[in-house]
Amino acid sequence: MAITDLRGTKFLVTGAASGIGRALAHAASDRGARLVLTDLQEEALDEVVRSVRERGGTVLHSAAFDISDYEAVTAFARDVHEACGSLDIVANVAGVSVWGTVDRLKHEHWKLMVDVNLMGPIHVIENFVPAMIEAGRGGHIVNVSSAAGLLALPWHAAYSASKFGLRGVSEVLRFDLKRDGIGVSLVVPGAVRTPLVDTVQIVGVDRDRPEVRKLTQRFVRHAATPEKVAERIVAGILKNRFMVYTSFDTRFGYWWARKFAPPYNLVMQAANDYFRRVVGTK
């Protein structure tokens, strides 16, 4: 039941108005997927819808709202299911970023990271995945985490809290949904040349300082394009890969943990199967 061809699939992309989300919408549409799109920025989202259709693609439904708002996601899902039925692929791309040391981060920074980067995808999963299971066609979930969801990057505590959390959700769903034919991909980008490069808030730091601008320029020089990341995501879906890397540095940094992945996978799947048998679910 794995997805090996995007043609005709119903494909949801959150954060579709810019960056990785926009690139993924175009990449999926170019391969024949029928899109369901959302983003917080209405005008930018409308522009993406127009560009997809101008390229000959299909947008089944689109709406602008905040994915951290559970009621808004629920209403959106109701509209999508009424108009289109259950989906085949759900891609949680939308996200925000704030960096800073723990003495400078405020409560609202921590809350924003968790609300958007973790609870947002959870809201989407809650509202769309049960219908995928019920439809019995299989499918695929894409959760865009980060290198900061694997590694302890400096000043990333609040951001990593959300991205490590999304990684945990994905790890569990990987095994939970296997028997339903639904694959899960966890995307762990390193540097990516998106609008976040220019808008990320570094609490207590003046971004116009020469030292900060120099670091930003170095980041951009080594960053992957959103289009490259989108191609990696599509390949991850079609090859049913769990971990989707977009740069060598992230892959290398996580190498030691990956060395023991095969026995870990076997044990986790066996444990999942055991719980199913004991609890008595399907």
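**Aromatic pairs**

I searched the whole structure and found two aromatic pairs, a pair being rings of Phe, Tyr or Trp (its six-membered ring) with centres within 6.5 Å. The model is predicted, local features need pLDDT of at least 70, side-chain atom pairs count only at pLDDT 80 or more, and totals for chains, interfaces and linings use all residues. Residues are numbered from 1 along each chain as its sequence is written, and side-chain values use heavy atoms, with hydrogens and water left out.

I noted Phe65 and Phe76 as a tilted pair, 4.9 Å centre to centre with 50° between the planes; planes under 30 degrees apart count as stacked, over 60 as edge-to-face and the rest as tilted. Phe65 lies in the loop between strand S3 (58–64) and helix H3 (70–84) and Phe76 in helix H3, so this pair ties together parts eleven residues apart in sequence. Helices (H or I, at least four residues) and strands (E, at least two) are DSSP runs, numbered from the N terminus.

I then recorded Phe76 and Phe128 as an edge-to-face pair, 6.1 Å centre to centre with 65° between the planes. Phe128 lies in helix H4 (residues 107–135) and Phe76 in helix H3, so the pair ties together parts 52 residues apart in sequence.

I checked burial (under 20% relative accessible area, exposed over 50%, partly exposed in between; 1.4 Å probe, protein chains only). Phe76 counts as buried at 5% relative accessibility, and Phe128 is buried at 0%. Ring pairs link Phe65, Phe76 and Phe128 into a cluster.
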